[in-house]
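Good morning, colleagues. Please bring the model up on your screens, and I shall then take you through several of its local features.

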Amino acid sequence: MDPQADEGLRAVAEKIKECRRCPLCEARNNPVPGEGGFRKGIMFIGEAPGKNEDEKGRPFVGKAGELLNELLDSIGLTRDDVFITNVVKCRPPNNRDPAPEEVNACSPFLEKQILILKPKIIVALGRHAWKWVCEHMGIPYESLSKARGKIYRSNTLLYGTIDVMPTYHPAAAIYRKEILPLLKEDFRKLGKLFRGTDC
Ligand code: URA
């Protein structure tokens, strides 16, 4: 990652550590700003940290993270190639959905991370991330079951076009086995997209 981006991300992470904009800071053990070497210019956005992530201060390190690692591996990517973060940077108690006020309070951090990294591709994992990118990146919303695996082009940000692909959250595939083949299919599309071949 270019050193300036790295420094910018560190500054955002520091702000997240000090953040008291919403009640999630009260119960958190560690905020989870996000991480990854970003060698291939791809950003993954999940929902919010869970128990394991809150303990370690790192994104996707539990069961859903293991599946994400496998999916990345299946298309020849590692965590060094991507940046992984979440819509909300602190764990909602008992893994409940983040509240709209919490998402709003946390949004400037994700906006800033996107502006610093300037990803070529954003993958939205699950409905919360998908809703967020629709609302913040000028993409017309349709349900995740209709939108998954499609490539949307966003050019609302100052630096050019971003390809956005929504897909299911890996945790959904752990609880609903019928989701796994769809998730794998979407990752194959992602593989073709970042290699520049037709989907
Ligand atoms: N689920 C998420 O959405 N994010 C994580 O970091 C872990 C699990």
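Predicted model: local features only at pLDDT ≥ 70, side-chain atom pairs only at ≥ 80, totals over all residues.

Phe 60 is placed in the loop between helix H3 (51-56) and helix H4 (63-74); helices here are DSSP runs of H or I with at least four residues, strands are runs of E with at least two, and both are numbered from the N terminus. Residues are numbered from 1 along each chain as its sequence is written, and side-chain values use heavy atoms, with hydrogens and water left out.

To return to Phe 60: its phi is positive, about 50°, although the residue is not a glycine. Most residues other than glycine have a negative phi. At 6% relative accessibility, Phe 60 counts as buried, a term that means under 20% relative accessible area, whereas exposed means over 50% and partly exposed lies in between, with a 1.4 Å probe and protein chains only.

Phe 38 also has a positive phi, near 60°, and is a residue other than glycine. Phe 38 belongs to the loop between helix H2 (24-27) and S1. With a relative accessible area of 11%, Phe 38 is buried.

Let me turn to the ligand. Which residues are around the ligand? They are Gly 46, Glu 47, Ala 48, Glu 53, Pro 59, Phe 60, Asn 86 and His 169, where a residue qualifies if one of its heavy atoms lies within 4 Å of the molecule.

A polar backbone atom of Phe 60 lies 3.0 Å from an oxygen atom of the ligand. A polar backbone atom of Ala 48 is 3.0 Å from a nitrogen atom of the ligand. For the side chain of Asn 86, an N or O atom is 2.7 Å from a nitrogen atom of the ligand. Taken alone, the ligand exposes 240 Å², and the protein buries 91% of that; these areas come from the Shrake-Rupley method with a 1.4 Å probe, and for residues only the protein chains shown count as cover.

Next, the aromatic residues. A search of the whole structure finds three aromatic pairs; rings of Phe, Tyr and Trp (its six-membered ring) pair if their centres lie within 6.5 Å, and planes under 30 degrees apart count as stacked, over 60 as edge-to-face and the rest as tilted. The rings of Phe 44 and Phe 187 have centres 5.9 Å apart and planes at 20°, so this pair is stacked. Because Phe 44 lies in strand S1 (residues 42-46) and Phe 187 in helix H9 (residues 180-195), the pair ties together parts that are 143 residues apart in sequence. Both Phe 44 and Phe 187 are buried.

In the pair of Trp 130 and Tyr 152, the ring centres are 4.9 Å apart and the planes are at 50°, so the pair is tilted. This pair links distant parts of the chain, with Trp 130 in helix H6 (residues 127-137) and Tyr 152 in strand S4 (residues 152-154), 22 residues apart. Trp 130 is buried, with a relative accessible area of 0%, and Tyr 152 counts as buried at 12% relative accessibility. Trp 130, Tyr 141 and Tyr 152 form one aromatic cluster.

I close with two buried polar side chains. Asp 186 lies in helix H9 and is buried, with a relative accessible area of 0%. The side chain of Asp 186 makes a polar contact of 2.6 Å with the side chain of Thr 167. A polar contact is a pair of N or O atoms within 3.5 Å; within protein, one must be able to donate a hydrogen and the other to accept it, and residues adjacent in sequence count only if both atoms are side-chain atoms.

Gln 113 is in helix H5 (residues 100-117) and is buried, with a relative accessible area of 2%. A polar atom of the Gln 113 side chain lies 2.9 Å from the backbone oxygen of Pro 33.
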